[in-house]
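Here is a short tour to read with the model open beside you. Please keep the sequence at hand, and we will go from the cross-links to the chain as a whole and then to the pocket.

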Amino acid sequence: MNKIFPQGDANDNAAGAKALPGGAGAQICVTLMNRTGFLCHDRRSCIPASRVCDGVRTCAHGEDEAEAMCRDMPQSLPSFLVAHCGDPSSWIYSDQKCDGANNCGDCSDELSPVTACPPCGPGWWRCPSTVFGYCGCIPRSLCRDLVQHCSDWSDEYSCPGP
């Protein structure tokens, strides 16, 4: 079941609502994968933040690709869809934060003090990664595969594997 945050006053961002150009309101929701989402106008469909303005109409009425919202990204996007990287000129979609992948390129979307990501989840191994695609955790599927993924070699000698 998707969680939907109540629509507040157009200026009440804490309630999860933000007015969009043209008077339409965008609402935050939580996807089935427990990630930040965009609530479609049908008030039932919650799509991942990263599916907004991606060139594919995911909502039934195409509101996720509205020209007013997609014209000047990220400034035209509702703030709940955007997460800033360590480099102030870089941004990612909010559902890409704390997902285990190095989406910002500098790990600022995965590591403190910029984020407050939880420790590695099940299926992950915490280590100082040598793989550019990961930051402080690697998928356990990379453990004991005879390839070094952690700078301390713990993925080959300590990690219990998948």
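## Disulfides

The structure holds 9 disulfides, a disulfide being a pair of cysteine sulfur atoms within 2.5 Å. This is a predicted model, in which local features need pLDDT of at least 70 and side-chain atom pairs count only at pLDDT 80 or more, while totals for chains, interfaces and linings use all residues. Residues are numbered from 1 along each chain as its sequence is written, and side-chain values use heavy atoms, with hydrogens and water left out.

Three of these links are described below.

## Cys29 and Cys46

Cys29 and Cys46 are joined by a disulfide, with an S to S distance of 2.0 Å. The link is right-handed, with 95° about the S-S bond. Because Cys29 sits in strand β3 (residues 25-30) and Cys46 in strand β5 (residues 46-48), the pair ties together parts that are 17 residues apart in sequence. Helices (H or I, at least four residues) and strands (E, at least two) are DSSP runs, numbered from the N terminus.

Both Cys29 and Cys46 are buried. Buried means under 20% relative accessible area, exposed means over 50%, and partly exposed lies in between (1.4 Å probe, protein chains only).

## Cys40 and Cys59

In the disulfide of Cys40 and Cys59, the sulfur atoms are 2.0 Å apart. The torsion about the S-S bond is about -75°, so this disulfide is left-handed. The pair links distant parts of the chain, 19 residues apart: Cys40 is in the loop between β4 (36-39) and β5, and Cys59 is in the loop between β5 and α1 (67-70).

Cys40 counts as buried because its relative accessibility is 2%. Cys59 is buried too, with a relative accessible area of 3%.

## Cys85 and Cys104

Cys85 is joined to Cys104 by a disulfide, S to S 2.0 Å. The torsion about the S-S bond is about -75°, so the link of Cys85 and Cys104 is left-handed. Cys85 lies in the loop between β6 (82-84) and β7 (91-93), and Cys104 in the loop between β7 and β8 (124-126), so the pair ties together parts that are 19 residues apart in sequence.

Cys85 is buried, with a relative accessible area of 8%. Cys104 counts as buried at 16% relative accessibility.

## The chain and its confidence

The chain has 2 helices and 9 strands, and along the sequence they follow the pattern β-β-β-β-β-α-β-β-β-β-α. Of the 162 residues in the chain, 40% are buried. Among contacts (heavy atoms within 4.5 Å) between residues at least 6 apart in sequence, 28% join residues at least 24 apart.

The average pLDDT, the predictor's confidence in each residue from 0 to 100, is 82 for the chain, and 82% of the residues score at least 70. Over residues 1-23 the pLDDT is below 50, and this stretch has 47 contacts in the model beyond near neighbours in sequence. Where pLDDT is low, the predicted coordinates should not be read in detail.

## The largest pocket

The largest pocket contains about 390 Å³ of space. On a 1 Å grid over the protein atoms alone, a pocket is an open set of points where a 1.4 Å probe fits, with protein on both sides within 12 Å along at least five of seven lines; lining residues have an atom within 4 Å of a point. Grid points are joined across faces, edges and corners, and the volume is the space filled by probe spheres set on the points.

The lining of the largest pocket comprises 21 residues, and Cys98, Gly100, Glu110, Cys117 and Pro118 lie nearest its centre. By class, the lining has 9 nonpolar, 6 polar and 6 charged residues. Here Ala, Val, Leu, Ile, Met, Phe, Trp, Tyr, Cys and Pro count as nonpolar, Asp, Glu, Lys and Arg as charged, and the others, Gly among them, as polar.
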